[in-house]
Amino acid sequence: MAGGQDAPTSACPGCGAVLPAAGGPTHAYVGASPACWLRHGELLAREYQQLQPWQAHGLSVDTYAVQHPGKPERRTTQSLALHLMALGDQLERGGDEERRLRVLREAARRAPDGLEWLDPPGHYGMTVVDVLDRDPDEHREAVLAWARTTWQAWAPHHDRIRGWLDQVHARRR
């Protein structure tokens, strides 16, 4: 900018990342700023361009979604719960991409009992910005670190999420 002033910035309402202020599209109910939503699109594009895009893609999608839950309403409550269950299953129970998709399908088909809005944490240790510009060889580990720090931020709700996940797995037996 003229006069040596810094460009205006804004904090994403979901993850808190401070980014150059930008206009542009966002998701209908994902609670991200236009600048952060753009970074998420850039991350997905990078993952699709890699030789093995699925090695971290599910974790990227779930982590971004739970950092940007939006405002409490039916769609956001269900989306948040599904992505938290998928994240917990992968990080705590060794789920893989195939099982992640089964969990998401089953939970979307029939929501677990007691599904309700969970208040998001106030801060995350990492955001999409921390993962975006990594070397492809470092990408999976960076996404895994991002997912772990995000899952830990949701620790006050882990018991509830695990209960929902137990219901989903029990239906599949």
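Analyst: A crossing is called left-handed if the near helix is turned anticlockwise from the far one by less than a right angle, and right-handed if it is turned clockwise. The model shown here is predicted. In this model, the crossing of α3 and α4 is right-handed.

User: At what angle do α3 and α4 pack, and how far apart are their axes?

Analyst: Angles over 145 degrees count as roughly antiparallel. Here the angle between α3 and α4 is about 150 degrees, and their axes are 10 Å apart; α3 is therefore roughly antiparallel to α4.

User: Which residues make the contact between α3 and α4?

Analyst: From α3, the contact draws on Gln 78, Leu 82, His 83, Met 85, Ala 86, Asp 89, Gln 90 and Arg 93. From α4, the partners are Glu 97, Arg 99, Arg 100, Val 103, Leu 104, Ala 107 and Ala 108. Sorted by class, the residues of this contact are seven nonpolar, three polar and five charged.

User: Ala 107 belongs to that contact. Is Ala 107 buried or exposed?

Analyst: A residue counts as buried when its relative accessible area is under 20%. Ala 107, which lies in helix α4 (residues 97–109), has a relative accessibility of 1% and is therefore buried. Apart from neighbours within four places in sequence, Ala 107 is in contact with Gln 78, Leu 82, Met 85, Pro 112 and Val 168.

User: How do α2 and α3 cross?

Analyst: The axes of α2 and helix α3 (residues 74–93) come within 9 Å and cross at roughly 135 degrees. The crossing of α2 past α3 is left-handed.

User: Which residues of α2 and α3 meet?

Analyst: On the α2 side they are Gly 58, Leu 59, Val 61, Asp 62, Thr 63, Ala 65 and Val 66. On the α3 side they are Leu 80, His 83, Leu 84, Ala 86, Leu 87, Gln 90 and Leu 91. This contact divides into nine nonpolar, four polar and one charged residues.

User: How is the pairing of α1 with α2 to be read?

Analyst: Helix α1 (residues 34–49) and helix α2 (residues 57–67) have axes that come within 10 Å and cross at roughly 170 degrees, so the two helices are roughly antiparallel to each other. Cys 36, Trp 37, His 40, Leu 43, Leu 44, Glu 47 and Tyr 48 of α1 make the contact with His 57, Ser 60, Val 61 and Tyr 64 of α2. By class, there are seven nonpolar, three polar and one charged residues.

User: What is the setting of His 57?

Analyst: His 57 is found in helix α2 and is buried, with a relative accessible area of 8%. Leaving out residues up to four places away in sequence, His 57 touches Leu 44, Glu 47 and Tyr 48.

User: How many disulfides does the structure hold?

Analyst: A disulfide requires a pair of cysteine sulfur atoms within 2.5 Å. The structure holds zero disulfides. For Cys 12, the closest cysteine sulfur is that of Cys 36 at 3.8 Å, which is too far for a bond. Cys 36 is likewise in no disulfide, the nearest cysteine sulfur being that of Cys 15, 3.7 Å away. Cys 12 is buried at 4% relative accessibility, and Cys 36 is buried at 0%.

User: Which residues does His 68 contact?

Analyst: His 68 is placed in the loop between α2 and α3 and is buried, at 1% relative accessibility. Beyond its neighbours within four places in sequence, His 68 is in contact with Cys 12, Gly 14, Cys 15, Val 30, Gly 31, Ala 32 and Cys 36.

User: Where is Arg 140 found?

Analyst: Arg 140 is found in helix α6 (residues 136–153) and is partly exposed, with a relative accessible area of 33%. With neighbours within four places in sequence left aside, Arg 140 is in contact with Gln 55 and Ala 56. The C-alpha atoms of Arg 140 and Ser 60 are separated by 9.3 Å, the two residues being 80 residues apart along the chain.

Key
Residues are numbered from 1 along each chain as its sequence is written. This is a predicted model: local features need pLDDT of at least 70, side-chain atom pairs count only at pLDDT 80 or more; totals for chains, interfaces and linings use all residues. Side-chain values use heavy atoms; hydrogens and water are left out. Buried means under 20% relative accessible area, exposed over 50%, partly exposed in between (1.4 Å probe, protein chains only). Axes are lines fitted to C-alpha atoms, for helices over the stretch in contact, and angles run from 0 to 180 degrees between N-to-C directions. Helices (H or I, at least four residues) and strands (E, at least two) are DSSP runs, numbered from the N terminus. Angles under 35 degrees count as roughly parallel, over 145 as roughly antiparallel, 65 to 115 as roughly perpendicular and the rest as oblique. Contact means heavy atoms within 4.5 Å. Ala, Val, Leu, Ile, Met, Phe, Trp, Tyr, Cys and Pro count as nonpolar, Asp, Glu, Lys and Arg as charged, and the others, Gly among them, as polar.
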